[in-house]
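Let's explore a protein together, one question at a time.

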Amino acid sequence: HTTRIKICPMMMIGRIIYSTFFACIYLWTIPVCVLGSKTRLDRLNYKEFPTRTPESAAVIEWGHSAIISALDASVAQFGPQTSLGAYFEVEAAPILADPIDGNIPGEGGGVLRNADEVEGNLVVMTNSAGLSGVQMALIAKNSGAAALMIVNTDNENPDFIYSLPVKNEEEERLAEEHIDIPVVMISLSSGNVLTSANVEVDENDNPKTPKNHGMPEQVRLYATGGDRPFFEDLSNESPIVYLIHNLLTEEECQSLVASAEKKVEPYEGEINLLEGTDELPKGTVKGVERAYLWKGLLKGPDAKDIDERMEQVTGFPRENFSDFQVNKVGKGGSIAPHFDRLPKEYGSQMVSMHIFLNDDYKGGEVVFHKANPPIKIKPRRGMAIVTHNDHGWEHGFPKFDPSTGHAELSVSEGTKWTAKKWIYTDPVPLGERAVLPMVAFPFGGKLPSFVRAFHDMLLERFGEGTGKTFFNKACVMIPGLTFVGVAMIIESMMKKDKKPKETKKDKKKRRKKKDN
């Protein structure tokens, strides 16, 4: 039996309007959701970097020619290095101020209790009493110090330093008239290093009573002249991000661009684990071209100098360094929020170094939107952004830090060139450091596609961890077997050439023997 249901025309029209209304809302929300992340990135209240300049950089060194220790310092905005426009250099004994925070009552700055020790030396003070830089400099000057080192006692930001300013016109006048000694700031972490530099232990590994509060007997304080690498702290945790200024020279940046210029290919987020990138969602990458320069152990002197400098500055072993990935981003190009992360079974990119190779363009800033506050980094040629992607260990693998998400904003004018180098948890396998660069050498450092295809086939068949192991073994074994095969062929040919030729007499004997 069938039952006919009569539908009112008005009810039908109402349903059509209802369905159309919600369909429009659904279709309208799709672009909003897709573009929402970009809109939010543009609207965030960023803290902008860099804030330090090469002119504000100084170094404190001690030790001998074999082992030299160094600390980064920031030069104050007053003193001889600014008023006279001169670089400075001081070699003296570091002496802790008494009181350590310089909090002495009296007009004109007062004098330290241990002024006799301080005279002619470098006095070390903290800013825990809340005195201004000029006030502490006047106390140091009145006590006969040759230079002043201020430790920034910021427990929440132990690596943070800044260039001490003058607070008002009166301080500016006092600084111009009375302060003729260099004034620098070091971080709390650096202060702890300084006061443990000369600590010795007895036969039971117990610390002995330190001399000079654990500080070196002599240090050298000097302005860098603007070309030495120096640090700028951005975020101490969640995520750990800092800058290394002057990591590459102008010539080194230009050389990397020239090396990659004819090798870059369009990149849209596809997976390429062999060259350091996992797959990104569709639409994440726009207007980017990329090339990976396989150099490994075949690096020339200039490239070796870069690796050596990076090892000295960062403290990470060069055996764990990847080669350079060079990126070209044209006008309108951008990379939406993403992570530097590989599958945990494949390997861990413990640290990322993102280096600006030029700065003659507009836009293209790198932002860390999950930092508190959000961070925006403007380009400066030769400067590296260093990000610690892992934070501790979990179930036998490095624990990834999700706060390291970052993006590259759209380039509004010009062309942006950057280079990336990763520091892996484990040393880069020999096959990737020696064999693959040899394979890529005839192609200008670019790896032939069949090698990557073979690598991806092993990963697909055996999984990321085992597949990578088989690939690295094959990289070492196949060239070895090929070499042995070629050697055997050459040896065989040489033996054949050495075989004595048959004379006519020998031929007659052989024929006679055959007839018999």
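Q: Is Glu 408 buried or exposed?
A: This is a predicted model, and the answer rests on values computed from it. A residue counts as buried when its relative accessible area is under 20%. Glu 408 has a relative accessibility of 6%, so Glu 408 is buried.

Q: Which residue does Glu 408 meet in a salt bridge?
A: For a salt bridge, we look for a side-chain nitrogen of Lys or Arg within 4 Å of a carboxyl oxygen of Asp or Glu. The side chain of Glu 408 has such a partner, with 2.7 Å from N to O.

Q: How many residues apart are Lys 420 and Asp 340?
A: These two form a salt bridge, with their closest N and O atoms 2.8 Å apart. Lys 420 sits in strand β24 (residues 416-424), while Asp 340 lies in the loop between β14 (324-338) and β15 (349-356). Both Lys 420 and Asp 340 are buried. The pair links distant parts of the chain, and the separation is 80 residues.

Q: Which helix holds both Glu 170 and Arg 173?
A: The side chains of Glu 170 and Arg 173 meet in a salt bridge, at 2.5 Å from N to O. They are separated by about one helical turn because they are 3 residues apart in one helix. That helix covers residues 169-178 and is α5.

Q: Which residues are linked with Lys 299 in a network of salt bridges?
A: By the salt-bridge rule, the count comes to 19. Some of these charged residues are linked in a network. Along with Lys 299, the network holds Asp 307, Asp 323 and Lys 421.

Q: What percentage of contacts between residues at least 6 apart in sequence join residues at least 24 apart?
A: Now for the whole protein chain, which has 12 helices and 24 strands. Buried residues make up 44% of its 516 residues. Among contacts between residues at least 6 apart in sequence, the share joining residues at least 24 apart is 75%.

Terms used: Residues are numbered from 1 along each chain as its sequence is written. This is a predicted model: local features need pLDDT of at least 70, side-chain atom pairs count only at pLDDT 80 or more; totals for chains, interfaces and linings use all residues. Side-chain values use heavy atoms; hydrogens and water are left out. Helices (H or I, at least four residues) and strands (E, at least two) are DSSP runs, numbered from the N terminus. Buried means under 20% relative accessible area, exposed over 50%, partly exposed in between (1.4 Å probe, protein chains only). Contact means heavy atoms within 4.5 Å.
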